[in-house]
Each structure stands twice: as structure tokens, then as C-alpha cells.
Amino acid sequence: MLFFKRALLLIANLFSLVSVAQIQPCIDVTSASRREAGAGQGVYDFNNKWTPGSVITVGFIDGTKWQWDKVKLYAPIWSKYANVTFKFIGKSQGNEDVRIRFNSQKGSYSYIGLDAKNRLPSQETMNLGWIDNKGTEQQLKGVILHEFGHALGLLHEHMNPMSNIKWNKPRVYAVYMQYEGWDRDMVDKQVFDRYSVSMTNKAYDPKSIMHYPIPKDFTLDGYSVSENDDLSPGDIKLIEELYPFNKTLPVTNTTIVWSKLQNLHIDYNVTENGKLGMKVKQNFLIYNAQGKQCIMAVYFYNAENGQPLLDKDGQYSSSDNHVAGYNYFTPNFQNTQFNDLSVFMPYDQLELGAGNFRLKCYVAIFDPDLKQIVTGGYQYFTFSQGINIKEIRLLTSFDDAGQQLKITPAFTISNAKGLRCLAAIYFYHDNGQPLRDHNSLYYSVDGNVSSTAYFTPGYDVTLYDNTQTGFIITMPYKELELQNGAYKLKYKVILFDDKLNRLVTSEYYYFNYTQR
Ligand SMILES: [Zn+2]
């Protein structure tokens with residue numbers, strides 16, 4: 001997390017020109033392949049969460065009792081809302097789930113959720129570089145909550161693809177270079193890059209504990225985010241959904257049917273019976289249901305509005321016409337362990353059509369009386385079919401010095417990463433008649449006045465506008481090829497994919513033009 005030293009912040013207040021003195025950003029250790037995951041179409045995800053109900057062991061590789069006590073005090077705040085418990089072992093033996101170092105030279109970072117399992121026993125999974133007596137209590141709490149948010153699987157909120165922060169890039173590069181020694185590439189990776197939608201899958205939340213603070217002068221429009229030291233309502237809602245609390249019964253109970261969910265694994269883009277889909281595989285224990293038929297079901301929701309997906313064709317449907325898949329099973333024993341019991345959901349049965357959808361699903365187990373006895377918490381994923389563009393707007397400037405129009409299309413495009421796409425502008429008289437080309441400069445195949453620009457999206461979901469990854473279509477005034485006089489004109493932009501299929505058409509934009 002970005003972290004301002006108190007004293008230096010004070011100096012910054014005294015000298016208002018210097019708004020950032022020293023910054024200590026949390027380093028994102030999600031691997032590049034994770035960030036780039038899911039190129040192309042289909043489903044991709046980033047599910048790194050622990051099984052709800054997990055006891056996550058925490059060991060300290062080094063540090064003082066005072067530092068250990070701060071961690072023990074603040075990390076468990078997450079457990080008020082998430083069904084996980086942190087068990088503090090003390091000095092690390094190398095086999096704890098989370099292993100903490102307090103190396104003050106290495107800043108702060110944490111491996112994301114289950115990624116911690118890929119670290120060697122001798123290696124830390126979290127570094128807390130700033131737990132010292134220079135911080136206010138509130139700031140210590142903020143750092144610890146932020147890093148344990150990562151440990152539970154949460155990612156940086158400022159890299160949420162929905163954030164659309166208008167960075168003042170030269171300023172941000174300069175500050176990080178000066179105070180962190182980061183090169184441009186590092187700043188790009190840690191600050192400007194955005195995750196695939198699939199990796200956050202929730203509305204942008206500037207109050208999130210997972211958001212870097214942003215000083216005003218880091219943005220072009222004065223947007224800022226203050227230092228967040230507490231869980232936001234959005235953080236709480238998300239973590240509650242990821243780690244729900246289920247009723248547990250003592251193992252001595254031998255009558256009531258109940259179940260304890262363990263590892264969940266989802267295979268995306270698998271084919272079964274000739275259909276492409278996703279396979280949800282669940283491990284669990286079920287008690288006291290020997291010889292009786294039970295059900296494992298998976299329910300699917302739109303993650304943006306929380307509404308269930310609606311079934312239209314009566315297949316893969318719950319009794320209330322929501323999209324759901326299920327599988328019957330009959331335990332053989334009083335207490336039965338199931339491994340990888342699966343439910344397959346063909347993509348066409350999500351019944352969504354073309355587009356880019358942020359979805360979530362959860363597993364539920366039902367007892368022989370069809371009573372739901374346990375749920376696994378939401379798994380978020382993104383489902384995409386076809387290149388998809390959300391609302392295109394045109395930002396136009398009249399460059400009279402350069403005697404040209406400059407048009408910047410603003411839009412979000414999905415599933416076109418690496419494809420060389422085309423934007424074309426067309427001009428018309430107010431009455432709809434196209435402006436005709438005569439000199440074969442700035443013209444379309446049908447002989448009308450037109451100008452084009454190519455663009456190649458860099459992400460699964462790429463935002464184009466006039467500040468970030470934008471491009472400009474230029475149109476020299478003289479290439480409108482008009483006789484002297486005053487005109488009422490209009491134009492529109494059409495975007496094409498790499499095979500020149502039409503993707504989206506803007507509205508008409510109007511302007512008055514005088515040719516002298
Ligand atoms: Zn972080």
C-alpha cells in the first residue's frame with residue numbers, strides 16, 4: 001500500500017507544491033502470466049481463495065514481539081466478516097500457510113491467497129517492511145489489513161479495470177523514480193496496468209483497503225484517493241461473499257445431516273458430450289446421510305447486479321427458473337468423503353449471448369429432504385463471447401492552427417487483445433448526403449470522404465479515451481473537399497475488427513464549417 005510518512009506529509013502540507021514526499025507502495029507480486037491470463041475468448045478466472053472455514057496458520061520468520069503483537073491484533077479483523085481463522089504459531093517452522101518477514105528494506109507485499117503455497121518453506125509469503133514506531137497506530141492497522149487482504153486473495157483496487165483513473169503519467173513516473181527508484185516499466189506494472197476484469201470482478205471501490213492512496217497531482221482531473229486504513233463496506237461485502245459462514249455441528253452428532261466443504265476446483269473451457277463449458281469440482285465431507293440421495297448444485301449469477309441468470313429453455317434450471325446445474329449423489333457411509341464430485345455447465349446453457357459478462361457462482365449441498373445444508377461462497381469469473389464494445393463516444397477538437405479535425409474515440413473493447421482493428425470516420429451533410437471524394441486522398445472504398453486509424457488493444461478489456469491508451473483520427477479540413485461557403489456537417493465513426501467486420505457505430509456528431 002502506498003504509505004506517507006507522517007513527518008514528510010507535514011512538510012508537504014507546509015509546501016503545497018510538494019504534495020508527495022516519500023511514498024511506500026505495496027508491491028504487487030501477482031505474476032505477469034496471471035495478469036495476462038485469459039487472452040482471447042472463453043472463460044478465465046483468478047480464484048485463489050482458501051476454502052471457507054479454513055484455519056490459516058501464520059508464522060513469523062523474524063521480527064520483534066511488538067511487531068508480532070501488531071499483526072495478531074489487526075489481522076483477525078478480517079475474521080469478523082470472513083469465515084477464516086488465523087492461527088498464530090509464533091516463530092516460523094517453515095510449514096505455516098502464511099510466513100511473515102519484517103525486512104524494512106523490502107517494502108510490503110504478500111502473495112495472493114493460495115499462491116503462498118508455491119513458495120519454498122524457507123521463503124516468506126508476506127513482507128511487512130513498515131511495522132515500526134514511526135507509523136501511527138491507524139497506519140499500522142491499514143498496512144496489516146491490506147497485506148492480509150492479499151493473503152485472502154484480494155488484489156489492488158486501483159488496478160481494477162473499472163477504475164479508469166486519469167493518471168498524470170509524467171508526474172507519477174517522476175515521483176516513483178525519485179522516491180522508490182522504480183523505472184518506467186515498474187511504474188507501469190505497479191500503478192498503471194489494470195487487471196483483466198476477471199481478476200477483481202466487482203465494482204470499483206475507492207474506499208477499499210486494497211486501493212493505493214492517490215494524491216491530487218497524480219491525476220489530470222484532480223481525482224484523489226485518501227489513505228484507507230480500514231475495511232470499506234465494499235471490502236466487507238466482498239469478503240463475506242467469498243468466505244461465508246456455514247453452520248457446523250459437532251462430529252459427535254449422528255443424526256442431523258450436515259456437510260463440510262473442502263477444496264473447490266473449476267476447470268474452464270472443457271468439452272463434455274460435445275459441448276464447451278465449465279466443470280465445477282468440489283471436495284466435501286457429508287455426515288449422517290448414508291444410503292440417501294443428496295444433491296450438489298451450482299447456481300449462477302450476474303456479478304454486476306447480483307441477479308441470478310434466468311433460464312429460458314428448461315434445461316440446467318432450478319425450480320424457480322434460474323440457471324443452475326446439479327448432480328445427485330448417495331453417500332455410502334455414515335461419514336463420507338467425496339472428492340471432485342462435479343457439475344458440468346455448458347456455456348450455451350448460461351443463455352447469455354454475445355458479450356463480456358462478469359459472473360459468479362456458488363456450490364450448495366442439499367440433504368435428502370432438499371434442505372440446503374452448506375454453501376461454498378462465490379467464485380467470480382468472466383465469461384466472454386465475441387468481440388464486445390461498450391458505448392463509443394467521440395471527443396473532437398478543431399485544430400485550426402493545423403487546419404484539421406482531431407477525433408478521439410472513447411470506448412471499452414473486450415476480446416480483441418492483439419488484434420489490429422480499424423476506426424473509420426465518415427462525413428455527411430446535415431441532410432445525410434455523404435461528402436464525396438475526388439482526389440483519392442482520405443476516402444472510403446465507396447468514394448466518400450473518410451479518414452482512418454488503426455488500433456491494437458493491449459488487454460482482454462481495454463479502455464480507450466483521450467488520456468490513457470487513446471488514439472486520434474485526423475481529418476485535414478481541405479480534404480473535406482468543399483467549395484467555398486458555410487456548411488452544416490455531421491460525422492460518425494465506425495469501428496471494425498481485424499477482418500473488417502463492423503463492431504460498433506457511433507452517433508452522429510454535428511458541426512458548422514466555413515470553407516474560404
Ligand atoms: Zn498491496
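pLDDT is the predictor's confidence in each residue, on a scale from 0 to 100. The structure is a predicted model, in which local features need pLDDT of at least 70, side-chain atom pairs count only at pLDDT 80 or more, and totals for chains, interfaces and linings use all residues. Residues are numbered from 1 along each chain as its sequence is written. The mean pLDDT of the chain is 85. A value of 70 or more is reached by 90% of its residues.

Where pLDDT is low, the predicted coordinates should not be read in detail.

Helices and strands come next. Both are DSSP runs, numbered from the N terminus: helices are H or I runs of at least four residues, and strands are E runs of at least two. Two packed helices are described by the angle between their axes and the distance between the axes. Axes are lines fitted to C-alpha atoms, for helices over the stretch in contact, and angles run from 0 to 180 degrees between N-to-C directions.

Helix α3 (residues 65–74) packs on helix α4 (residues 137–151) at an angle of about 70°. Their axes are 9 Å apart. α3 and α4 are therefore roughly perpendicular to each other. (Angles under 35 degrees count as roughly parallel, over 145 as roughly antiparallel, 65 to 115 as roughly perpendicular and the rest as oblique.) The crossing of α3 past α4 is right-handed. A crossing is right-handed if the near helix is turned clockwise from the far one by less than a right angle, and left-handed if anticlockwise. From α3, Lys-70, Val-71 and Tyr-74 make the contact; from α4 come Leu-140, Lys-141, Ile-144 and Leu-145. By class, the contact of α3 with α4 has five nonpolar, no polar and two charged residues. Ala, Val, Leu, Ile, Met, Phe, Trp, Tyr, Cys and Pro count as nonpolar, Asp, Glu, Lys and Arg as charged, and the others, Gly among them, as polar.

Helix α5 (residues 169–180) and helix α6 (residues 184–192) pack at about 110°, with axes 10 Å apart. α5 and α6 are therefore roughly perpendicular to each other. α5 passes α6 in a right-handed crossing. Val-172, Tyr-173 and Tyr-176 in α5 meet Arg-184, Val-187 and Val-191 in α6. Five residues of this contact are nonpolar, none is polar and one is charged.

The strands form sheets. Two strands pair if DSSP finds at least two bridges between them. An open sheet of five strands runs in the order β3-β2-β4-β6-β5, with mixed pairing. Its edge strands are β3 (85–91) and β5 (108–110), and each pairs on one side only. The twist averages 25° from one strand to the next. Within this sheet, β2 (residues 55–60) and β4 (residues 98–101) run parallel and share three bridges. Phe-60 stands opposite Ile-100 in β4.

Another open sheet has three strands in the order β7-β8-β11, with antiparallel pairing. β7 (258–272) and β11 (335–346) each have a single partner strand, so one side of each is left without a neighbour in the sheet. Neighbouring strands are turned by 15° against each other on average, direction ignored. Ten bridges join β8 (residues 275–287) to β11. Gly-277 has Pro-346 in β11 as its bridge partner.

Strand β17 (residues 421–429) has antiparallel pairings with β18 (residues 450–455), over six bridges, and with β21 (residues 485–496), over eight bridges. Ala-424 stands opposite Thr-452 in β18. Ala-423 stands opposite Leu-495 in β21.

Methods: Contact = placed C-beta atoms within 7 Å.
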